[in-house]
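Let's take a walk through a protein fold together.

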Amino acid sequence: MAAPSEHVGLGGPRSPARPELPPTRFHQVHGANIRMDPSGTRATRVESFAHGVCFSREPLAPGQVFLVEIEEKELGWCGHLRLGLTALDPASLAAVPEFSLPDLVSLGHSWVFAITRHHNRVPREGQPEAEAAVPSGPQALLVEPYLRIEQFRIPRDRLVGRSRPGLYSHLLDQLYEQNLLPPTARRSRLGVLFCPREDGTADMHIVINGEDMGPSARGLPAAQPLYAVVDVFASTKSVRLVQLEYGLPSLQTLCRLVIQKKVVHRLAIDMLHLPKGLKDFCKYE
(Lines give C-alpha, C1' and ligand atoms only; values in the text may rest on other atoms or scores of the structure.)
Protein backbone atom coordinates (compact mmCIF):
# COMPACT_ATOMS: atom_id res chain seq x y z
CA MET A 1 0.00 0.00 0.00
CA ALA A 2 1.34 3.42 -0.86
CA ALA A 3 2.41 5.64 1.99
CA PRO A 4 -0.11 8.40 2.69
CA SER A 5 2.46 10.87 3.95
CA GLU A 6 4.85 12.76 1.71
CA HIS A 7 8.37 11.36 1.52
CA VAL A 8 10.95 13.91 2.62
CA GLY A 9 13.30 13.53 -0.32
CA LEU A 10 10.69 13.19 -3.05
CA GLY A 11 8.04 15.77 -2.32
CA GLY A 12 7.92 19.44 -3.11
CA PRO A 13 5.44 22.27 -3.52
CA ARG A 14 4.64 21.13 -7.08
CA SER A 15 4.55 17.39 -6.36
CA PRO A 16 1.22 15.69 -7.14
CA ALA A 17 -0.99 15.03 -4.14
CA ARG A 18 -1.03 11.49 -2.81
CA PRO A 19 -4.41 9.75 -2.74
CA GLU A 20 -6.34 10.21 0.47
CA LEU A 21 -7.02 7.20 2.66
CA PRO A 22 -10.51 6.55 4.03
CA PRO A 23 -11.18 8.03 7.49
CA THR A 24 -9.85 6.05 10.44
CA ARG A 25 -12.39 4.18 12.55
CA PHE A 26 -12.32 1.96 15.62
CA HIS A 27 -12.80 -1.78 15.18
CA GLN A 28 -16.12 -3.34 16.18
CA VAL A 29 -14.09 -5.71 18.37
CA HIS A 30 -13.14 -3.99 21.64
CA GLY A 31 -13.01 -4.34 25.42
CA ALA A 32 -16.16 -5.20 27.38
CA ASN A 33 -16.34 -1.80 29.09
CA ILE A 34 -16.05 0.24 25.89
CA ARG A 35 -19.02 1.94 24.26
CA MET A 36 -18.60 3.23 20.71
CA ASP A 37 -20.57 6.06 19.17
CA PRO A 38 -22.45 5.18 15.95
CA SER A 39 -19.70 6.66 13.75
CA GLY A 40 -16.99 4.46 15.28
CA THR A 41 -14.82 7.49 16.04
CA ARG A 42 -15.39 7.92 19.79
CA ALA A 43 -14.60 5.29 22.43
CA THR A 44 -15.72 5.68 26.05
CA ARG A 45 -15.03 3.37 28.97
CA VAL A 46 -18.31 3.26 30.87
CA GLU A 47 -17.21 1.53 34.07
CA SER A 48 -14.22 0.24 36.05
CA PHE A 49 -10.66 1.09 34.93
CA ALA A 50 -9.95 -1.90 32.67
CA HIS A 51 -11.43 -3.78 29.69
CA GLY A 52 -10.85 -0.67 27.59
CA VAL A 53 -8.72 -2.05 24.75
CA CYS A 54 -9.63 -0.78 21.26
CA PHE A 55 -8.19 -1.41 17.79
CA SER A 56 -8.19 0.33 14.45
CA ARG A 57 -10.80 -1.04 12.05
CA GLU A 58 -8.25 -1.46 9.27
CA PRO A 59 -4.49 -2.11 9.28
CA LEU A 60 -2.46 1.09 9.04
CA ALA A 61 -0.60 2.11 5.90
CA PRO A 62 3.11 2.97 6.27
CA GLY A 63 3.40 6.49 7.64
CA GLN A 64 -0.32 6.71 8.46
CA VAL A 65 -0.95 8.20 11.91
CA PHE A 66 -3.76 6.74 14.01
CA LEU A 67 -4.50 9.88 16.02
CA VAL A 68 -6.73 10.21 19.08
CA GLU A 69 -7.65 13.14 21.28
CA ILE A 70 -8.32 12.65 24.99
CA GLU A 71 -11.85 13.93 25.56
CA GLU A 72 -12.64 12.92 29.13
CA LYS A 73 -10.63 12.08 32.23
CA GLU A 74 -11.82 10.28 35.36
CA LEU A 75 -10.37 11.00 38.80
CA GLY A 76 -9.53 8.28 41.29
CA TRP A 77 -7.53 5.94 39.05
CA CYS A 78 -3.77 5.53 38.69
CA GLY A 79 -2.51 5.22 35.13
CA HIS A 80 -3.26 6.69 31.72
CA LEU A 81 -3.81 5.91 28.04
CA ARG A 82 -1.72 3.19 26.40
CA LEU A 83 -0.90 3.15 22.72
CA GLY A 84 0.78 0.85 20.23
CA LEU A 85 0.49 -1.61 17.35
CA THR A 86 -0.38 -5.27 16.94
CA ALA A 87 0.02 -7.77 14.11
CA LEU A 88 -2.89 -9.78 15.56
CA ASP A 89 -6.17 -9.45 13.68
CA PRO A 90 -8.69 -8.22 16.29
CA ALA A 91 -11.41 -10.34 14.65
CA SER A 92 -9.33 -13.47 15.33
CA LEU A 93 -9.09 -12.94 19.09
CA ALA A 94 -11.05 -15.43 21.19
CA ALA A 95 -11.55 -12.64 23.74
CA VAL A 96 -10.22 -9.09 24.01
CA PRO A 97 -7.63 -9.00 26.82
CA GLU A 98 -8.50 -7.07 29.96
CA PHE A 99 -5.33 -4.98 29.63
CA SER A 100 -3.06 -4.14 26.72
CA LEU A 101 -0.14 -4.29 29.17
CA PRO A 102 0.76 -7.03 29.91
CA ASP A 103 -2.12 -9.19 28.63
CA LEU A 104 -2.21 -8.28 24.92
CA VAL A 105 1.58 -7.96 24.67
CA SER A 106 2.01 -11.39 26.25
CA LEU A 107 0.09 -12.92 23.30
CA GLY A 108 2.99 -11.87 21.09
CA HIS A 109 3.24 -9.74 17.95
CA SER A 110 2.08 -6.65 19.88
CA TRP A 111 3.98 -3.53 20.93
CA VAL A 112 2.20 -1.26 23.43
CA PHE A 113 3.49 1.48 25.73
CA ALA A 114 2.09 3.63 28.51
CA ILE A 115 2.20 7.27 27.44
CA THR A 116 4.84 9.30 29.29
CA ARG A 117 6.75 12.51 28.61
CA HIS A 118 10.13 10.78 28.31
CA HIS A 119 9.06 7.92 26.14
CA ASN A 120 10.83 4.62 25.67
CA ARG A 121 13.24 5.18 22.81
CA VAL A 122 15.13 2.32 21.24
CA PRO A 123 18.57 3.48 20.02
CA ARG A 124 19.84 2.29 16.67
CA GLU A 125 22.76 -0.11 16.65
CA GLY A 126 25.85 1.87 17.63
CA GLN A 127 23.83 4.93 18.69
CA PRO A 128 24.37 6.17 22.28
CA GLU A 129 21.26 5.89 24.45
CA ALA A 130 21.61 9.54 25.49
CA GLU A 131 21.41 10.64 21.87
CA ALA A 132 18.34 8.49 21.24
CA ALA A 133 16.60 10.06 24.23
CA VAL A 134 16.84 13.65 22.95
CA PRO A 135 13.37 14.90 21.88
CA SER A 136 12.83 17.07 18.83
CA GLY A 137 12.24 20.01 21.18
CA PRO A 138 9.58 22.73 21.28
CA GLN A 139 11.57 25.16 19.13
CA ALA A 140 11.00 23.03 16.04
CA LEU A 141 7.28 22.96 16.79
CA LEU A 142 7.03 26.73 16.38
CA VAL A 143 8.65 27.03 12.97
CA GLU A 144 8.21 23.74 11.11
CA PRO A 145 4.76 23.12 9.54
CA TYR A 146 5.59 19.46 8.92
CA LEU A 147 6.55 16.71 11.31
CA ARG A 148 9.39 14.68 9.80
CA ILE A 149 9.57 11.06 10.93
CA GLU A 150 12.20 9.03 9.11
CA GLN A 151 11.14 9.01 5.43
CA PHE A 152 7.75 10.64 6.02
CA ARG A 153 6.65 14.26 6.22
CA ILE A 154 3.30 14.75 7.95
CA PRO A 155 1.36 18.07 8.18
CA ARG A 156 1.61 19.12 11.83
CA ASP A 157 -1.51 21.28 12.05
CA ARG A 158 -3.99 18.69 13.30
CA LEU A 159 -1.46 16.66 15.27
CA VAL A 160 -1.46 19.30 18.03
CA GLY A 161 -4.17 19.46 20.71
CA ARG A 162 -6.20 22.62 21.27
CA SER A 163 -8.00 23.97 24.32
CA ARG A 164 -11.71 24.62 24.45
CA PRO A 165 -12.65 28.08 23.10
CA GLY A 166 -12.47 30.63 25.88
CA LEU A 167 -10.97 33.89 27.02
CA TYR A 168 -7.54 32.33 27.56
CA SER A 169 -7.63 29.73 24.81
CA HIS A 170 -4.99 31.60 22.79
CA LEU A 171 -2.58 31.20 25.72
CA LEU A 172 -3.48 27.59 26.44
CA ASP A 173 -3.10 26.67 22.77
CA GLN A 174 0.53 27.76 22.94
CA LEU A 175 1.12 25.20 25.70
CA TYR A 176 -0.19 22.45 23.44
CA GLU A 177 1.87 23.74 20.50
CA GLN A 178 5.04 23.70 22.59
CA ASN A 179 4.08 20.35 24.16
CA LEU A 180 4.49 21.74 27.68
CA LEU A 181 1.35 20.16 29.16
CA PRO A 182 1.27 16.61 30.55
CA PRO A 183 1.06 14.20 27.61
CA THR A 184 -2.22 12.74 28.86
CA ALA A 185 -3.89 16.08 29.61
CA ARG A 186 -7.43 16.57 28.40
CA ARG A 187 -7.47 17.62 24.70
CA SER A 188 -3.96 16.26 24.10
CA ARG A 189 -3.56 14.45 20.79
CA LEU A 190 -1.62 11.20 20.65
CA GLY A 191 -0.80 9.12 17.60
CA VAL A 192 0.99 5.96 16.55
CA LEU A 193 2.50 4.98 13.18
CA PHE A 194 5.12 2.70 11.69
CA CYS A 195 7.96 3.43 9.28
CA PRO A 196 9.31 0.58 7.10
CA ARG A 197 13.05 0.00 6.82
CA GLU A 198 15.15 -1.46 4.02
CA ASP A 199 15.63 -4.76 5.84
CA GLY A 200 11.89 -5.50 5.74
CA THR A 201 11.22 -4.50 9.35
CA ALA A 202 9.59 -1.34 10.68
CA ASP A 203 10.02 1.14 13.52
CA MET A 204 7.03 2.17 15.64
CA HIS A 205 6.77 5.85 16.56
CA ILE A 206 4.47 7.60 19.02
CA VAL A 207 3.55 11.26 18.50
CA ILE A 208 2.44 13.56 21.34
CA ASN A 209 0.91 16.91 20.35
CA GLY A 210 2.90 17.09 17.14
CA GLU A 211 6.21 15.93 18.63
CA ASP A 212 7.79 12.64 17.63
CA MET A 213 8.80 10.70 20.73
CA GLY A 214 11.25 8.64 18.71
CA PRO A 215 11.18 4.94 17.81
CA SER A 216 9.51 3.06 20.65
CA ALA A 217 10.02 -0.35 19.11
CA ARG A 218 12.05 -1.79 16.25
CA GLY A 219 11.89 -4.97 14.23
CA LEU A 220 8.14 -4.93 13.61
CA PRO A 221 7.07 -7.10 10.64
CA ALA A 222 6.43 -4.45 7.99
CA ALA A 223 5.00 -7.00 5.54
CA GLN A 224 2.23 -8.03 7.96
CA PRO A 225 -0.95 -6.01 8.60
CA LEU A 226 -0.42 -3.81 11.65
CA TYR A 227 -3.44 -2.55 13.61
CA ALA A 228 -3.36 0.38 16.02
CA VAL A 229 -4.02 -0.37 19.70
CA VAL A 230 -5.61 2.22 22.02
CA ASP A 231 -6.16 1.20 25.64
CA VAL A 232 -8.63 3.60 27.29
CA PHE A 233 -7.17 2.82 30.68
CA ALA A 234 -7.63 4.16 34.24
CA SER A 235 -7.80 7.99 34.35
CA THR A 236 -8.37 8.22 30.58
CA LYS A 237 -12.12 7.76 30.12
CA SER A 238 -12.95 8.79 26.55
CA VAL A 239 -11.06 9.42 23.30
CA ARG A 240 -12.07 10.48 19.80
CA LEU A 241 -10.34 9.96 16.49
CA VAL A 242 -8.85 12.95 14.65
CA GLN A 243 -8.64 12.75 10.87
CA LEU A 244 -5.53 13.94 9.01
CA GLU A 245 -5.10 15.29 5.49
CA TYR A 246 -2.06 13.77 3.80
CA GLY A 247 -2.45 15.30 0.35
CA LEU A 248 -3.23 18.87 -0.54
CA PRO A 249 -5.24 20.60 2.21
CA SER A 250 -8.94 21.06 1.57
CA LEU A 251 -10.44 24.51 0.92
CA GLN A 252 -12.15 24.25 4.33
CA THR A 253 -8.80 23.66 6.03
CA LEU A 254 -7.15 26.56 4.18
CA CYS A 255 -10.00 28.87 5.23
CA ARG A 256 -9.65 27.75 8.83
CA LEU A 257 -5.91 28.40 8.89
CA VAL A 258 -6.33 31.92 7.46
CA ILE A 259 -9.14 32.81 9.88
CA GLN A 260 -7.30 31.47 12.92
CA LYS A 261 -4.20 33.44 11.95
CA LYS A 262 -6.15 36.71 11.80
CA VAL A 263 -7.97 36.53 15.16
CA VAL A 264 -6.49 37.02 18.63
CA HIS A 265 -8.43 34.15 20.14
CA ARG A 266 -11.20 31.86 19.00
CA LEU A 267 -14.03 33.68 20.81
CA ALA A 268 -13.60 36.45 18.24
CA ILE A 269 -14.64 34.02 15.50
CA ASP A 270 -18.25 34.33 16.69
CA MET A 271 -18.21 38.00 15.62
CA LEU A 272 -17.32 37.20 12.01
CA HIS A 273 -19.99 37.15 9.30
CA LEU A 274 -19.48 33.50 8.40
CA PRO A 275 -21.71 30.41 8.21
CA LYS A 276 -22.11 28.73 11.59
CA GLY A 277 -20.63 25.48 10.30
CA LEU A 278 -17.41 27.22 9.27
CA LYS A 279 -17.26 29.12 12.59
CA ASP A 280 -17.57 25.88 14.56
CA PHE A 281 -14.91 24.22 12.38
CA CYS A 282 -12.53 27.13 13.06
CA LYS A 283 -13.22 27.16 16.79
CA TYR A 284 -13.07 23.48 17.61
CA GLU A 285 -10.78 21.84 15.07
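Glu-69 is buried in this predicted model, with a relative accessible area of 0%. Which side chains does Glu-69 meet in salt bridges? One partner is Arg-187, at 3.8 Å from N to O, and another is Arg-189, at 2.8 Å. Arg-187 has 10% relative accessibility and counts as buried because the cut-off is under 20%. Arg-189 is buried as well.

Now follow the chain. Glu-69 sits in strand 5, while Arg-187 belongs to the loop between helix 4 (169-177) and strand 10, so their pairing ties together parts that lie 118 residues apart in sequence. Arg-189 is in strand 10, 120 residues away from Glu-69.

Elsewhere, Asp-203 and Arg-197 form a salt bridge at 3.6 Å, N to O. Asp-203 is buried at 0% relative accessibility, whereas Arg-197, at 33%, is partly exposed. Shared partners also join salt bridges into one network that includes Glu-69, Arg-187, Arg-189 and Arg-240.

Next, turn to the nonpolar side chains. The largest nonpolar core has 31 residues, and Phe-26, Phe-66 and Val-68 are among those with the most contacts inside it. Strand 11 (201-208) is one of the strands supplying at least two residues of this core, and its 4 residues are the largest share. A second, separate core of 13 residues includes Val-65 and Phe-152.

Finally, find the open sheet of 4 strands, ordered 4-13-6-7 with antiparallel pairing. Strand 4 (53-55) and strand 7 each have a single partner strand, so one side of each is left without a neighbour in the sheet. Strand 4 is joined to strand 13 by 3 bridges, and Phe-55 stands opposite Val-229 in strand 13.

Methods:
Residues are numbered from 1 along each chain as its sequence is written. This is a predicted model: local features need pLDDT of at least 70, side-chain atom pairs count only at pLDDT 80 or more; totals for chains, interfaces and linings use all residues. Side-chain values use heavy atoms; hydrogens and water are left out. A nonpolar core is a set of buried Ala, Val, Leu, Ile, Met, Phe, Trp, Tyr and Cys residues joined through side-chain atoms within 4.5 Å. Buried means under 20% relative accessible area, exposed over 50%, partly exposed in between (1.4 Å probe, protein chains only). Two strands pair if DSSP finds at least two bridges between them. A salt bridge is a side-chain nitrogen of Lys or Arg within 4 Å of a carboxyl oxygen of Asp or Glu.
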